[in-house]
Amino acid sequence: MGGGVGACKGTILTCQNNCRGFLCGPAVSVVLAYTEGLHGKWMFSEIRAVFSRRYLLQNTAMEVFMANRTSVLFNFPDQATVKKVVYSLPRVGVGTSYGLPQARRISLATPRQLFKSSNMTQRWQRREISNFEYLMFLNTISDTGCFAEALALTSPSDVITRSARFRFSNVNVPHPMSEQRHTCWIGRTYNDLNQYPVFPWVLTNYDSEELDLTLPGNFRDLSKPVGALNPKRAAFYAERYETWEDDQTPPCHYNSHYSTVASTLYWLIRIEPFTTFFLSANNKFDHPDRTFSAIARSWRNCQRDTSDVKELTPEFYYLPEMFVNSNGYHLGMRDDRTMVYDVDLPAWAKKPEDFVRINRMALESEFVSCQLHQWIDLIFGYKQRGPEAVRALNVFHYLTYEGSVNLDSITDPLLREVSL
């Protein structure tokens, strides 16, 4: 980077929007296979925001956002190096979008500190920003397990609501979860498949010729996780938790998760760089019956398959290209003798642009606006852990939670690799 950051070794993990470049000076970068060689420079004058990030369960990463709307994720040997680099970069904080000071300490702040200091929730309450923008904000600053504390302290579920019947009240209501303390960094990012942004399913009707967004029956119950939407499947998960017999691991409702590398690649398999990522890991495309081929089919699987509880990615609300096999990949033939090519859309969407437009309208609808806070409680808030998570059928495998693994205490190289 023009300006110099001292002799700090680091790794470029990924570049959003396929940007190319290298970290100038003594710092070391790793060439990405996908970009076939990085070249160029990122100038200090182009930096607009700097976020601390976690990578492979460790607080050793940093994401830099540029003026041209690209971002780069760097990983460093340790947390001390991250702090050293942040204090060598321009004093931009996390940008100007969240009502926070442009200070280096803000780049190193915890999710709790960012959430409490930001004006985004108030702006959302006043409808100055959309549901999509607010969810992207929460994804950007969130960190599983840690962010629950911030939401519990400042925004209990009966306060966070966007309904016309309620307005934000500056009430500080303690919650049992607020007694927990975590040392954790931010957040979800497009540059890390392990922590990719997560968005909710909001519709349930993918079969009708027309979709009426004024009918509540066409919307998903956002107070429940995907696994609990089907009563029969909810009963299965509740029984699994209650009859847990493995003394070596804590009980959970789900052995899978709502957001994983596999689920992100499943949704985005038709577009780069996700196609390359999938093929690099698997050497070939998945079995056609397991490939994302129809929105209605994927929704049904999320209601019936006891190993499928995945939510969506942000692209479902703005990127029609993800549903089109524009590169002509041979994705195979399903057992029912149908070829997998473009994604089959709901009958009410004649083309991908229709689906994205209507799906986004649903996300911004009054019904979702009145209920979205409940989904936020499940994914980012106080229903992530503890008794509230148990009551909400929202407990996942313990290794998916922040702080469940202390890599510094693992000296066996093989065990450490398995943990990552």
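Mentor: Of the 420 residues of the chain, 54% count as buried. The model is a predicted one. The chain has 14 helices and 4 strands.

Trainee: What share of the contacts with a separation of 6 or more comes from residues 24 or more positions apart?

Mentor: That share is 64%. Contact here means heavy atoms within 4.5 Å.

Trainee: Let us turn to the rings. How many aromatic pairs does the structure hold?

Mentor: The structure holds 35 aromatic pairs. Phe-199 and Tyr-317 form one of them.

Trainee: Why is the pair of Phe-199 and Tyr-317 called tilted?

Mentor: Start with the distance. The ring centres are 5.7 Å apart, and rings pair if their centres lie within 6.5 Å. Now the angle. Planes under 30 degrees apart count as stacked, and over 60 as edge-to-face. The planes of Phe-199 and Tyr-317 are at 40 degrees, so the pair is tilted.

Trainee: What makes this a link between distant parts of the chain?

Mentor: The two residues are 118 residues apart. Phe-199 is in the loop between α6 (147–154) and α7 (231–242). Tyr-317 is in the loop between α10 (295–304) and α11 (352–363).

Trainee: Why does Phe-199 count as buried?

Mentor: Buried means under 20% relative accessible area. Phe-199 has 0%, so Phe-199 is buried. Tyr-317 has 1%, and is therefore buried too.

Trainee: Which residues do ring pairs link into a cluster?

Mentor: The cluster includes Trp-201, Tyr-206, Tyr-266 and Trp-267. Phe-292, Trp-299, Phe-316, Phe-323, Trp-348 and Phe-355 also belong to the cluster.

Trainee: What makes Lys-310 a charge over the ring of Trp-267?

Mentor: Two tests apply. NZ of Lys must be within 6 Å of the ring centre and within 35 degrees of the ring normal. The charged end of Lys-310 is 5.6 Å from the centre of the Trp-267 ring, and counts as sitting over that ring.

Trainee: Now the helices. How do you know that α5 and α12 are roughly parallel?

Mentor: The axes of α5 (residues 131–141) and α12 (residues 366–379) cross at roughly 10 degrees. Angles under 35 degrees count as roughly parallel, so that name applies to α5 and α12. Their axes come within 11 Å.

Trainee: Which residues make the contact?

Mentor: From α5 come Asn-131, Tyr-134, Leu-135 and Leu-138. From α12 come Val-368, Ser-369, Leu-372, Trp-375 and Ile-376. By class, 7 are nonpolar, 2 are polar and none is charged.

Trainee: Where is Met-120, and is Met-120 buried or exposed?

Mentor: Met-120 is in helix α4 (residues 120–125). Its relative accessible area is 4%, under the 20% limit, so Met-120 is buried. Leaving aside neighbours within four places in sequence, Met-120 is in contact with Ser-97, Tyr-98, Ile-129, Glu-133, Tyr-134 and Phe-137. The C-alpha atoms of Met-120 and Phe-137 are separated by 7.7 Å.

Trainee: What stands out in the backbone of Arg-69 and Arg-337?

Mentor: Phi of Arg-69 is near 70 degrees, a positive value in a residue other than glycine. Phi of Arg-337 is positive as well, near 75 degrees. Arg-69 lies in the loop between β3 (58–66) and β4 (71–75). Arg-337 lies in the loop between α10 and α11.

Trainee: Why are Arg-69 and Arg-337 called exposed?

Mentor: Exposed means over 50%. Arg-69 has 71%, so Arg-69 is exposed. Arg-337 has 65%, so Arg-337 is exposed.

Trainee: Which peptide bond is cis?

Mentor: The bond from Glu-272 to Pro-273 is cis, with omega near 5 degrees. Pro-273 is in the loop between α8 (261–267) and α9 (274–282).

Methods
Residues are numbered from 1 along each chain as its sequence is written. This is a predicted model: local features need pLDDT of at least 70, side-chain atom pairs count only at pLDDT 80 or more; totals for chains, interfaces and linings use all residues. Side-chain values use heavy atoms; hydrogens and water are left out. Rings of Phe, Tyr and Trp (its six-membered ring) pair if their centres lie within 6.5 Å; planes under 30 degrees apart count as stacked, over 60 as edge-to-face and the rest as tilted. Buried means under 20% relative accessible area, exposed over 50%, partly exposed in between (1.4 Å probe, protein chains only). Axes are lines fitted to C-alpha atoms, for helices over the stretch in contact, and angles run from 0 to 180 degrees between N-to-C directions. Angles under 35 degrees count as roughly parallel, over 145 as roughly antiparallel, 65 to 115 as roughly perpendicular and the rest as oblique. Ala, Val, Leu, Ile, Met, Phe, Trp, Tyr, Cys and Pro count as nonpolar, Asp, Glu, Lys and Arg as charged, and the others, Gly among them, as polar.
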